[in-house]
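Biologist: I have this one open on my screen. Can you walk me through it?
Modeller: Go ahead and ask.

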Amino acid sequence: KDKMLARSRRHYQKAVAAGKRSGKKYPEPTRPPAEACECCGRKDRGTLHLDHCHKTNKFRGWLCGNCNVGIGMLGDSAHGVSLAIEYLKRAEL
């Protein structure tokens, strides 16, 4: 696991250096990439993305692209996700 974590850190450092991360400072992951998305649990959704808190810039985990974008579009907060859950509950037929 230490080798995977070191490889992950090198990957993100290279991406930042190559300008692929728009100069943004991403946190260093504190654990190696998971085998599946840490949100939905699916393994077949492609490359996992480093998820981080936009306020504190702390690493949160590894997410598939769908979960990463979905959480971001809901305001990157538990409150936004809760509002979406409540909406879906009200709309159930």
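Biologist: How many bridges join strand S1 to S2?
Modeller: Four bridges join S1 (residues 49-52) to S2, and the two run antiparallel. Strands here are DSSP runs of at least two residues (E), helices of at least four (H or I), numbered from the N terminus. Two strands pair if DSSP finds at least two bridges between them. This is a predicted model, where local features need pLDDT of at least 70 and side-chain atom pairs count only at pLDDT 80 or more, while totals for chains, interfaces and linings use all residues. Residues are numbered from 1 along each chain as its sequence is written, and side-chain values use heavy atoms, with hydrogens and water left out.

Biologist: What is the average pLDDT of the protein?
Modeller: The average is 84, and 83% of the residues score at least 70; pLDDT is the predictor's confidence in each residue, from 0 to 100. Among the elements, helix H1 (residues 2-17) has the lowest mean, 70, and helix H3 (residues 78-91) the highest, 96.

Biologist: Back to the strands. Which residue in S2 is the bridge partner of Leu 50?
Modeller: Trp 62. S1 and S2 form a hairpin with six residues between them, and Asn 57 in the turn has a positive phi of about 60°.

Biologist: Is Trp 62 buried or exposed?
Modeller: Buried, with a relative accessible area of 1%. The cut-offs are under 20% for buried and over 50% for exposed, with partly exposed in between (1.4 Å probe, protein chains only). Phe 59 also counts as buried, at 13%.

Biologist: How are the rings of Phe 59 and Trp 62 arranged?
Modeller: They are the one aromatic pair in the structure. Their centres are 5.5 Å apart and their planes at 65°, so the pair is edge-to-face. Rings of Phe, Tyr and Trp (its six-membered ring) pair with centres within 6.5 Å; planes under 30 degrees apart are stacked, over 60 edge-to-face, the rest tilted.

Biologist: New topic. How many salt bridges does the structure hold?
Modeller: Four, each needing a side-chain nitrogen of Lys or Arg within 4 Å of a carboxyl oxygen of Asp or Glu. One of them pairs Asp 76 with Arg 60, at 2.6 Å from N to O. Asp 76 lies in the loop between helix H2 (65-73) and H3 and Arg 60 in S2, so the pair ties together parts 16 residues apart in sequence.

Biologist: And what does Lys 89 pair with?
Modeller: Glu 86, with the closest N and O atoms 3.9 Å apart. Both lie in H3, three residues apart, about one turn of the helix.
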